[in-house]
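Subject: Structure handover

Hello,

Here is the structure, with notes on what was found in it below.

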Amino acid sequence: MELKNKKILLGVTGGIAAYKAPEICSLLCKQGANVKVIMTETAKQFVSKLTFQTMSRNLVYTDMFEEYPQNAEISHISLAKWADIFVIAPASANSIAKFANGISDNLLSATFLAARSPVMIVPAMNTFMLNNPATEANMNTLKERGIAILATQSDLLACNDVGNGKMLEPTEIVEEIDNRLRKKDLLGKNVLVTAGPTIEAIDPVRYLTNYSSGKMGYALAEEAEKRGANVTLISGPTAIKKPKVSKFISVVSSLDMYQAVLENFVNADIVIKAAAPADYRPKVYHSQKIKKEIGGEFKIEFERNPDILKSVAAKKRHQFMVGFAAESENELANAMTKLTAKNLDMIIVNNIKAENAGFQSDTNVVTIIDKHKNIENIEEMTKIELAKLILDKIKKAVAF
Ligand code: CTP
C-alpha cells in the first residue's frame with residue numbers, strides 16, 4: 001500500500017453516512033497513514049469527536065478559532081499545507097455547495113479553499129438532493145477545477161428513498177485514496193501478465209491441473225494497473241478475486257493461454273509470465289466419460305504443450321520479458337538455464353517446497369536474477385509487496 005506515512009486530512013460533514021467515517025479513518029491508520037480529521041458542527045451530531053481522536057491518535061479539528069495545543073499556526077492554513085491528500089467523506093450537498101462557491105464560513109470549507117494538495121470528495125446524500133440541478137452544477141464546477149468526485153451507489157437510502165446517493169464503502173474509498181497517492185511510473189505502458197494454472201481435460205468430468213493459485217500474477221497485474229499501465233491479464237482458472245485491470249482474458253488450457261499470449265504479445269512493452277501452464281496434455285480427449293474397467297489399469301498418454309514463454313521470446317523485439325521458475329531443487333542452476341533458454345531479461349525463482357513460499361501461499365521468498373546473471377535474494381514478504389518490488393526492478397531495468 002502507498003498509504004504508509006502518508007498525511008491524510010479527512011473532512012467529515014453532517015450526514016447519516018458520517019457513521020462510516022471512523023472506519024475510513026481506522027482503515028487508513030491501520031495501513032500506516034497519519035490521519036487528521038476536521039469535523040463540521042453538524043457532523044458532530046452524528047458521530048463523536050472522541051471516536052476520531054481515539055482512532056487517529058491525533059487532535060480532531062472542529063473550530064476555526066479554537067486554539068489547538070501543539071498547533072500555534074492558523075489551523076485551516078497549516079492543515080491544508082500539511083496534507084498529502086484532502087478527502088471529504090461524507091461530503092454533504094451543503095458543503096459541496098460551499099466548496100463550489102468559495103464560501104469559507106467554517107474550518108472545513110476554509111481549509112478546502114486553502115487546499116494545495118489533491119482533493120477528493122466522496123458525496124453522500126438523498127437522491128433528489130444529488131440530482132438537483134444546483135448540486136449537479138456545483139459538482140461539475142468542482143470537477144472542472146480538477147477536484148476528484150467519487151460516484152455514489154444506488155440503494156435503499158436512510159430516508160427510505162431508493163436511488164443514487166449512498167456513500168461508497170470505506171474499503172472502496174481507501175482503495176481510491178491509495179490509488180491516487182500511488183506513483184504512476186508505468187503510465188501508458190502495455191503490460192501483459194499471465195497467471196494461474198491451466199486445466200487439461202481428460203474427459204467431460206476429469207482434468208489435470210497444478211497447485212498454482214494465481215496470487216502472484218494477480219498482484220503484479222493489479223499493481224501495474226495502479227501505476228498507470230494498461231494491463232492485459234491472461235488467467236487460467238483461479239478461485240481468487242479478479243483484479244481491476246484494463247483487459248482480463250480467461251483461459252482454460254495451455255493451448256488457450258498460448259493463443260491468447262500470441263494475440264496480445266506484439267503491443268506489449270513488458271511481459272510477465274507468472275502462470276504455471278501445464279507442460280503436457282492428454283494425447284486423446286475422450287468426449288464421453290471414461291468408464292472404469294473392473295480390475296483394469298488406466299493409462300493416459302501425454303503430449304507436450306508449447307512452451308509459451310520460449311515461443312514468444314523468440315519473437316521478442318522491444319519487449320522486456322520476465323519469467324518465473326518454480327523449482328523444488330537446484331533452484332539457481334535451473335533458473336539460470338531457463339533465463340538463457342527462454343531469452344529472458346529477468347527470472348524470479350522460488351523453491352515451491354520452502355515454507356511461506358510458492359503456490360497458494362500469501363507470502364513468497366524469491367531470488368531475482370537479471371539477464372547479466374546478477375543474483376539478488378529477496379526476504380520473505382507478501383505477494384503484494386513482492387509485486388511492487390518486482391515492478392520497481394523492472395522499471396529500473398527498462399529504459400522507457
Ligand atoms: N512456461 C510457459 N509455458 C509452459 C511452461 C512454462 O510459458 N508450457 C513459463 C512459466 O510461465 C514460467 C517459466 O516458463 O514463467 C518457467 O516455468 P516452470 O514451470 O518453472 O518451468 P518449465 O519451463 O515448465 O520447465 P520445467 O517444468 O522443466 O521445470
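Asn58 sits in the loop that links α3 (49–56) to β3 (60–61); helices (H or I, at least four residues) and strands (E, at least two) are DSSP runs numbered from the N terminus. The model is predicted, so local features need pLDDT of at least 70 and side-chain atom pairs pLDDT 80 or more, while totals for chains, interfaces and linings use all residues. Residues are numbered from 1 along each chain as its sequence is written, and side-chain values use heavy atoms, without hydrogens or water.

Asn58 has a relative accessible area of 19% and is therefore buried (under 20%, with a 1.4 Å probe and protein chains only; exposed is over 50%, partly exposed in between). Its side chain makes a polar contact of 2.8 Å with that of Asn34 (N or O atoms within 3.5 Å, one able to donate a hydrogen and the other to accept it). Beyond neighbours within four places in sequence, Asn58 is in contact with Asn34, Val35, Lys36 and Gln53 (heavy atoms within 4.5 Å).

Helix α4 (residues 75–82) is mostly covered, with six of its eight residues buried: Ser75, His76, Ser78, Leu79, Ala80 and Trp82. These buried residues pack against β1 (7–12), β2 (34–39), β3 and α6 (107–113).

Ala93, Ile96, Ala97, Phe99, Ala100 and Asn101 of α5 meet Thr135, Asn138, Met139, Thr141 and Leu142 of α8. By type, the residues of this contact between α5 and α8 are seven nonpolar, four polar and no charged (Ala, Val, Leu, Ile, Met, Phe, Trp, Tyr, Cys and Pro are nonpolar, Asp, Glu, Lys and Arg charged, the others polar).

Regards
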